[in-house]
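Hi,

Here is the structure I promised to hand over.

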Amino acid sequence: MKQSELSKEQNLKQTVKFALLSISAGIIETAVFTLLERTTEWSYWSKYLPALILSVLWNFTLNRKFTFKSANNIPMAMLKVAGFYLVFTPVSTWAGNALEGKGWNEYLILAVTMVFNLVLEYLFCRFVVYNNSMNTNKSGLKEQGSDARAEDNKAPKKEKWSKRDMRKSLDKSGKKSKNRYATKKKFKPHKK
């Protein structure tokens, strides 16, 4: 589903949901960073990178399923997000390390980085990663209601006939009966 097809209410709901799930990822990032802060004497970037990686995995998984409701190619989506972080991570690590060198509090640096991450990742996911695949999983199709895929799921399914059913449906002349159950005789295997 393209962006233009979302209503204002759906756009707002999606934005709020992304922010809330990103806050949960931020809690994970902060917890890992704090754990490393208290148990190691590593520099800022050595604590930041593992915390960021864990939060990205968490955030990607939840937002793909619940915010964007995407059923697109997961490896391709992951590669796109990895591409975003190939740029964001070095820049944010370099900036955080530089600010730490100027005497900034590490937690203030982490908070500022997380805000930039939230805004930039949302825009990237929305307009690059999931632009044409929003609301394509079961939950998204259900929400859309009149989506063509949802209609396909509701269409009556054709009956599957086994070879035995096919043989049963033949009348004595060898022609297929119009009514599948027209012949009442029990099926007996053909003897050679």
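Tyrosine 48 is buried, because its relative accessibility is 0%, under the 20% cut-off. Keep in mind that this is a predicted model. Tyrosine 44 is buried too, also with a relative accessible area of 0%.

These two tyrosines belong together. Both sit in helix 2 (residues 44–67), 4 residues apart, so about one helical turn separates them. A search of the whole structure gives 11 aromatic pairs. Tyrosine 44 and tyrosine 48 form one of them, and that pair is stacked. The ring centres are 5.5 Å apart, with 15° between the planes.

Now a second pair. The ring centres of phenylalanine 68 and tyrosine 130 lie 4.8 Å apart and the planes meet at 20°, so this pair is stacked as well. It links distant parts of the chain, 62 residues apart. Phenylalanine 68 is in the loop between helix 2 and helix 3. Tyrosine 130 is in the loop between helix 4 (106–129) and helix 5 (138–144). Both residues are buried. They also belong to a cluster: ring pairs link Phe18, Phe68, Tyr122 and Tyr130.

Last, lysine 80. It lies in helix 3 (residues 74–101). What does lysine 80 touch, leaving aside residues up to four places away in sequence? Phe124, Val128 and Val129. Lysine 80 and valine 129 are 49 residues apart in sequence, yet their C-alpha atoms are 6.2 Å apart in space.

Best wishes

Methods: Residues numbered from 1 in each chain as written. Predicted model: local features only at pLDDT ≥ 70, side-chain atom pairs only at ≥ 80, totals over all residues. Heavy atoms only, no water. Contact = heavy atoms within 4.5 Å. Phe/Tyr/Trp six-rings, centres within 6.5 Å; stacked < 30°, edge-to-face > 60°. Buried < 20%, exposed > 50% of the residue type's maximum accessible area, 1.4 Å probe, protein only.
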